[in-house]
Amino acid sequence: MSTHAKIYVAGHRGMVGSAIVRQLRAQGHPADRIITRTHAELDLTDQAAVRAFFATAKPDQVYLAAAKVGGIHANNTYPAEFIYSNLMMEANVIDAAFRNGVKKLLFLGSSCIYPKLAEQPMREDALLTGTLEPTNEPYAIAKIAGIKLCESYNRQYGNSHGVDYRSVMPTNLYGPGDNYHLANSHVIPALIRRFHEAKVNHVPNVAIWGTGTPRREFLYVDDMAAASVHVMTLPMATYRQHTQPMLSHINVGCGEDVTIFQVAQTVARTVGYTGPIHTDASKPDGTPRKLMDSSRLNGLGWKAQVGLESGLKAAYEDFLERYSS
Ligand SMILES: NC(=O)c1ccc[n+]([C@@H]2O[C@H](COP(=O)([O-])OP(=O)(O)OC[C@H]3O[C@@H](n4cnc5c(N)ncnc54)[C@H](OP(=O)(O)O)[C@@H]3O)[C@@H](O)[C@H]2O)c1
């Protein structure tokens with residue numbers, strides 16, 4: 001019999017879930033010990049279906065990378081769907097995992113859990129110290145609930161049932177599997193698409209939104225997957241030593257931020273767009289700086305490996321494969 005744990009990766013067709021599957025496989029985890037279900041096969045907002053799945057599939061571990069994810073426009077337009085779907089998915093998966101004897105689970109949140117005016121770089125203990133950014137508050141509340149679900153199950157069932165549920169909060173991610181949708185993509189995929197289209201259509205110049213001066217942090221998605229597996233596999237004593245029962249989540253970032261203009265220049269170089277890049281100060285900049293403090297994770301022995309230049313190169317290759325005709 002295989003000694004490898006049976007691992008359920010929820011959201012395996014998403015950018016992060018697919019990277020976690022790649023990472024597990026790269027670390028030698030056999031494919032037949034990784035369980036996946038598409039959204040069509042298993043709607044995670046359906047409690048009865050989730051309970052039935054866990055009772056049959058009986059995973060040993062769970063990576064919860066399924067979520068309803070979107071940009072400002074989607075969050076603003078569909079706030080009810082964002083809070084409902086995410087709360088239901090987390091509650092269903094975490095509770096069904098517990099009921100079926102799953103000892104280890106990793107929940108993926110997001111940096112939007114932190115207050116809008118959190119001190120930079122944002123430390124884990126900034127959680128619940130201030131008002132959230134209103135545009136994605138429903139999503140952020142659901143993500144905070146996910147952390148608190150994990151902590152509450154640990155506190156109630158940690159000693160009696162050996163429950164050990166952990167949370168990681170990634171910064172902005174990019175890489176293979178990203179969403180390049182025009183109206184609904186994050187900064188890096190939007191820039192890749194714009195500069196690519198400008199190159200192939202010989203557009204003389206490209207304007208980026210805002211002044212280009214806001215600073216943001218970006219992490220390559222395979223680094224995120226490596227960090228997820230790292231955190232999941234830390235011995236319980238080590239994890240407990242670096243966290244607290246009611247402040248247990250761990251930031252995942254590369255520790256460095258760059259200006260939006262610098263990112264645009266790097267994307268343009270990667271894509272091969274050689275025209276001028278303008279800024280459009282009539283468009284909003286957003287918050288001046290967003291950087292995670294990842295010292296907790298660094299202290300646990302993990303650091304990002306992939307730099308922006310090489311990450312962008314891989315992301316662009318994926319874009320060309322999926323979108324270029
Ligand atoms: N991307 C980033 O920059 C970023 C940054 C910080 C944190 N994160 C976090 O990382 C996690 C994964 O994000 P991602 O970028 O990989 O998102 P993604 O590419 O949109 O993937 C999400 C996955 O969840 C699945 N899903 C959604 N609703 C479902 C449902 N009701 N039942 C079953 N499956 C469902 C989706 O399937 P369908 O597409 O078929 O619906 C998709 O495969 C999220 O928790 C997100 O908050 C992402």
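Two strands pair if DSSP finds at least two bridges between them. Helices (H or I, at least four residues) and strands (E, at least two) are DSSP runs, numbered from the N terminus.

Now, the model. It is predicted: local features need pLDDT of at least 70, side-chain atom pairs count only at pLDDT 80 or more, and totals for chains, interfaces and linings use all residues. Residues are numbered from 1 along each chain as its sequence is written, and side-chain values use heavy atoms, leaving out hydrogens and water.

Start with the sheet. Six strands form an open sheet, paired in parallel, in the order β2-β1-β3-β4-β5-β10. Which strands stand at the edges? β2 (34-35) and β10 (250-252) do; each has a single partner strand, so one side of each lacks a neighbour in the sheet. β10 pairs with β5 (residues 164-170) over three parallel bridges. There, Val168 has Ile250 of β10 as its bridge partner.

Next, the ligand. The shell around it holds 24 residues, with Val16, His39, Leu44, Tyr139 and Lys143 coming nearest. Near means that a residue has a heavy atom within 4 Å. By type, the shell has 13 nonpolar residues (Ala, Val, Leu, Ile, Met, Phe, Trp, Tyr, Cys and Pro), eight polar and three charged (Asp, Glu, Lys and Arg); the others, Gly among them, count as polar. Helices α1 (15-26) and α5 each supply at least two shell residues.

Now polar contacts, here pairs of N or O atoms within 3.5 Å. A polar backbone atom of Val16 is 2.8 Å from a ligand oxygen. For Leu173, a backbone N or O atom lies 3.0 Å from a ligand oxygen.

Terms used:
A polar contact is a pair of N or O atoms within 3.5 Å; within protein, one must be able to donate a hydrogen and the other to accept it, and residues adjacent in sequence count only if both atoms are side-chain atoms.
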